[in-house]
Amino acid sequence: MQFSIKAVSPATAKTACVIAGVYQDHTLTHAAKALDQASGGALRQALKNGDLSGKKGSALLLHGLNAQTARVLLVGLGKDKTLSDKTYLDAVRAGWKALSATGAADALWCLHEVPVSGRDLAWKVRSTAVNIEEAQYRFDHLKSSSDAEPEKLKSLALVVDKLQLKAAQTALQQALAEAHGVALTRDLGNLPSNLCTPTHLAATAKELAKQFKLKVQVLEKKQMEALKMFSLLSVAKGSVQPPKFIVLAYNGGTANGRTAKQAPVVLVGKGITFDSGGISLKPGEGMDEMKYDMCGAATVLGTLRAVAEMQLPLNVIGVIPTCENMPNGNASKPGDIVTSMSGQTIEILNTDAEGRLILCDALTYVERFKPAAVIDIATLTGACIIALGHVHSGLYSKDDALAAALLKAGKAANDTVWQMPLDDDYQEQLKSNFADMANIGGRPGGSVTAACFLSRFTKAYTWAHLDIAGTAWKSGAAKGATGRPVPLLVEFLKSYKP
Ligand code: BES
Ligand code: MN
Ligand code: ZN
């Protein structure tokens with residue numbers, strides 16, 4: 001389905017369907033009013049007849065009102081004339097659901113004409129396109145036959161005023177770039193671990209580099225040894241899949257006359273392509289979902305894809321330590337002590353706390369970029385799910401400005417984070433009798449102590465950590481990757497001032 005922006009009159013343009021809003025008190029939005037007039041009051045009559053309540057989430061399809069408009073889809077907006085983010089997004093989803101059930105091949109979408117509190121047209125256009133793209137996502141190419149119905153809708157035009165044409169087009173182009181990034185992240189997450197190996201992630205990074213003219217470097221085990229990444233390698237050594245260390249750089253910082261020396265934002269993503277727990281083996285139930293333990297890595301690739309397609313005037317570097325966490329005869333054992341790239345020693349008391357072991361070496365590695373900020377993204381702890389459920393990702397940072405920017409971006413993108421504590425009082429739980437630190441801090445505050453562990457490797461720069469264990473994928477009947485937190489990071493980078 002093709003999106004476009006059109007400056008036309010929805011009541012007189014020829015179309016298979018117009019989507020417009022109506023409030024609960026039966027007030028018609030601008031476009032609905034025009035359609036009502038063009039059809040001799042058919043919309044008001046339908047409301048009078050009680051065919052549509054105008055309540056949030058309700059929708060009514062009207063046929064054959066006049067020669068040029070084959071259908072009108074009225075979507076209920078609720079009571080308030082100015083919508084909340086949530087009411088607006090619900091209306092978009094309800095409108096899309098009803099529209100895709102029709103046979104319309106093309107449509108004129110007008111819901112973004114309604115005011116949304118504190119949001120501009122660009123936000124409304126972005127939210128519309130991103131949510132519709134998200135609803136259309138399928139991952140069925142590994143089934144021998146698909147039961148999904150073919151899409152009937154071929155083109156969807158968002159109707160705007162002539163004066164808003166340019167702004168809306170930019171917003172749409174950026175939204176589609178974001179949606180492509182989200183889809184890539186979801187695809188990689190959903191791909192099973194026998195196909196989505198560290199080698200596959202490296203190949204994906206190379207493809208992106210080719211397509212978008214990015215710089216890519218993939219370090220092999222030998223090079224990681226030379227860099228003394230022995231914490232990362234201690235996780236990889238229980239698997240027959242070779243580990244990879246991916247560095248993917250987007251250099252947009254020279255655009256708009258800015259200097260190429262602009263300090264980069266560095267994104268570090270956990271890339272465990274399967275987390276069996278290692279020798280501290282996980283229980284069998286639901287273990288398949290540990291194919292999603294590379295969603296941090298997938299987020300980095302998806303975000304870079306979006307940023308590159310948008311051509312943002314920034315330098316962004318993605319760094320992905322990636323391997324499998326498996327229990328073979330060569331695997332790390334509880335009690336083993338390793339020396340990280342930073343020189344700090346780690347007692348591995350639980351081989352299932354492996355994410356922090358690969359991230360810590362990546363966090364040391366990125367010092368060389370003299371970053372403006374480093375954000376790591378990781379499906380790090382089950383404890384984060386206990387703390388925050390599946391609503392917010394966990395946000396950890398000692399930098400108030402960075403934390404505030406991420407919180408704000410999360411709200412704007414409807415991909416929220418909740419700030420968690422990171423004070424030194426928690427560091428004590430990581431004490432080891434035999435090394436500089438242990439890799440686990442016990443059950444209390446398990447997500448916090450994991451973040452505290454990472455913080456020991458981030459002293460050289462401004463840093464934030466996102467624990468996405470509860471938000472990167474859904475379980476149960478709707479099992480699948482969400483693409484979070486790509487929307488949050490894209491929004492953050494869009495408004496980032498270098
Ligand atoms: N990848 C898991 C965290 C996880 C578990 C994410 C379930 C999403 C759902 C991580 O590597 C892990 O196993 N963490 C352990 C840490 C513990 C051993 C201190 C956990 O959360 O149980
Ligand atoms: Mn684990
Ligand atoms: Zn893990």
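Reader: How far is an oxygen atom of ligand 1 from an N or O atom in the side chain of Asp 352?
Author: This is a predicted model; local features need pLDDT of at least 70, side-chain atom pairs pLDDT 80 or more, while totals for chains, interfaces and linings use all residues. Residues are numbered from 1 along each chain as written, ligands from 1 in written order, chains lettered from A, and side-chain values use heavy atoms, without hydrogens or water. A polar contact is a pair of N or O atoms within 3.5 Å. For Asp 352 and ligand 1 the distance is 2.8 Å.

Reader: How much of ligand 1 does the protein bury?
Author: Areas come from the Shrake-Rupley method with a 1.4 Å probe. Alone, ligand 1 exposes 520 Å². The protein buries 78% of that.

Reader: Which backbone lies 2.7 Å from an oxygen atom of ligand 1?
Author: A polar side-chain atom of Lys 270 lies 3.2 Å from a ligand 1 oxygen. The 2.7 Å distance involves a backbone N or O atom. That backbone belongs to Gly 382.

Reader: How many residues surround ligand 1?
Author: A residue is near if one of its heavy atoms lies within 4 Å. The closest include Lys 282, Asp 293 and Glu 354. The count is 17.

Reader: Is Leu 47 buried or exposed?
Author: Leu 47 sits in helix 2, residues 42-48. Buried means under 20% relative accessible area, exposed over 50%, partly exposed in between (1.4 Å probe, protein chains only). Because its relative accessibility is 4%, Leu 47 counts as buried.

Notes
A polar contact is a pair of N or O atoms within 3.5 Å; within protein, one must be able to donate a hydrogen and the other to accept it, and residues adjacent in sequence count only if both atoms are side-chain atoms. Helices (H or I, at least four residues) and strands (E, at least two) are DSSP runs, numbered from the N terminus.
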